[in-house]
Amino acid sequence: MSARELPAAGDRARVSVAVAVPPADAFRIFSEDIDQWWRRGLKYRVIDGQRGLLHLEPRVGGRLFESVETDGQTTVIENGRVTVWEPPLRLGFDWRASNFQGDESTHVEVTFEPTRSGTLVTVTHSGFSKLRPDHPVRHGQEVAAFVREMGLWWGGLMTSLREFARPRGEP
Amino acid sequence: MNRLTVRADRLERLRKLCLALPEASEQEAWGDPTWRVQKRIFAMQKGNFEGGRPALWLKAQDGVQAMLVESDPELFYVPPYVGHKGWVGVYLDGKSLPWKLLGELVGESYRLIAPKRLGGRPGV
């Protein structure tokens, strides 16, 4: 990504975590195992409880969505679409909260950089300044304060990712 | 106790935030106020020395220290001694303080330190 494409610092929440597995594993865990490390509860998911599942379809245009089965019926709630699918180094998706309307959207970019001890996973969530100031997702906050809230939110998720992404023993 | 550089009303408000958490207690260490749960520190009020800037040190989740320092380097910094373990420093001498955010950060630090029995996620 060139410097020109980088979102302004005030418009993005950027959070990095060092995980103890190589980039290919980190990428696979982030995408394929997303339901297992992504925190549960209404702070992190639309569907509450233990039965909801989170999926990320592994291709550009694939959906990021939650699903739950109740009485044989499957409810699906889409949170976004994959925009970048470049394993094992880059993943991107649009992100829409449940109260977004029309073309309102934010963007999440995840990079996986190899390090000596594993991978540095960096999430950059941007596009908040395009949301109107009185948008309910901002809870009446200035962009800077809202971006910090999102940063704390991602901090929780990245802590869980690191916990989950431990090297597995040889079979 | 060191001579405190923090405004008395701000220290009082911080104290209330910290002591509202389950089984939290205050204890002086290195001449500064610290707040603990089962002897383990989750918050420290630092900068109490000649020419020092009053600050609060807290443990933060992965990546949050860098995120906060990037978002406002006038307010947040990497503290000595514990910065490499993910702790973040918050200056307490600004015109106004983001109390809501401080409340959240104090709560997160507590959960990173407290035992599971008290709602903590130790070792995470």
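# A guided tour of a two-chain model

A search of the whole structure turns up 15 aromatic pairs over all chains. Keep in mind as you look around that this is a predicted model. A pair of aromatic rings is described by the distance of the centres and the angle of the planes.

**Stop 1: the tryptophans of chain A**

Select A:W38 and A:W153. Their rings form an edge-to-face pair, 5.8 Å centre to centre, with 75° between the planes. What does this pair tie together? A:W38 lies in the loop between α2 (34–37) and β2 (53–56) of chain A, while A:W153 belongs to helix α3 (residues 143–164), so the contact joins parts that are 115 residues apart in sequence. A:W38 counts as buried because its relative accessibility is 3%, and A:W153 also counts as buried, at 10%.

**Stop 2: charges over rings**

Show the side chains of A:R63 and A:F65. The charged end of A:R63 sits over the ring of A:F65, 4.2 Å from the ring's centre. Then jump to chain B, where B:R53 lies over the face of B:Y91, at 3.6 Å from the ring centre.

**Stop 3: a cis peptide bond**

Back in chain A, zoom in on A:P87 and A:P88. Is the peptide bond between A:P87 and A:P88 cis or trans? This bond is cis, with omega near 5°. You will find A:P88 in the loop between β4 (73–86) and β5 (90–95) of chain A. Most residues other than glycine have a negative phi, and most peptide bonds are trans.

**Stop 4: positive phi in chain B**

Next, pick B:E23, in the loop between α1 (8–19) and β1 (24–29) of chain B. Its phi is near 60°, a positive value in a residue other than glycine. B:E23 counts as partly exposed because its relative accessibility is 47%.

Move on to B:K39, in the loop between β2 (32–37) and β3 of chain B. B:K39 has a positive phi of about 70°, although it is not a glycine. With a relative accessible area of 73%, B:K39 is exposed.

**Stop 5: a helix and a glycine**

Colour helix α3 (residues 99–113) of chain B. This helix has 15 residues and reaches 21 Å from its first C-alpha to its last, close to the 21 Å expected at 1.5 Å a residue. Is α3(B) mostly covered or mostly open? It is mostly covered, as eleven of its 15 residues are buried. Among them are B:W99, B:L105, B:E108 and B:Y110.

Then find B:G52, in the loop between β3 (40–46) and β4 (55–59) of chain B. B:G52 is buried, with a relative accessible area of 15%.

**Stop 6: the second largest pocket**

Finish by selecting B:Q61, B:D62, B:G63, B:K85 and B:G86, which lie nearest the centre of the second largest pocket. How many residues line this pocket? The lining has 14 residues, and the pocket has a volume of about 200 Å³. Helix α2 (residues 64–71) of chain B gives the most to the lining, with three residues. By type, the lining divides into five nonpolar, five polar and four charged residues.

Definitions and conventions. Residues numbered from 1 in each chain as written. Chains lettered and ligands numbered in written order. Predicted model: local features only at pLDDT ≥ 70, side-chain atom pairs only at ≥ 80, totals over all residues. Heavy atoms only, no water. 1 Å grid on protein atoms, 1.4 Å probe; cavity = no way out; pocket = protein on both sides within 12 Å on 5 of 7 lines; lining within 4 Å. Points joined across faces, edges and corners; volume = space filled by probe spheres on them. Helix = DSSP H or I, 4+ residues; strand = E, 2+ residues; numbered from the N terminus. Nonpolar A, V, L, I, M, F, W, Y, C, P; charged D, E, K, R; others polar. Phe/Tyr/Trp six-rings, centres within 6.5 Å; stacked < 30°, edge-to-face > 60°. Buried < 20%, exposed > 50% of the residue type's maximum accessible area, 1.4 Å probe, protein only. Lys NZ or Arg CZ within 6 Å of the ring centre and 35° of its normal. Expected span 1.5 Å × (residues − 1).
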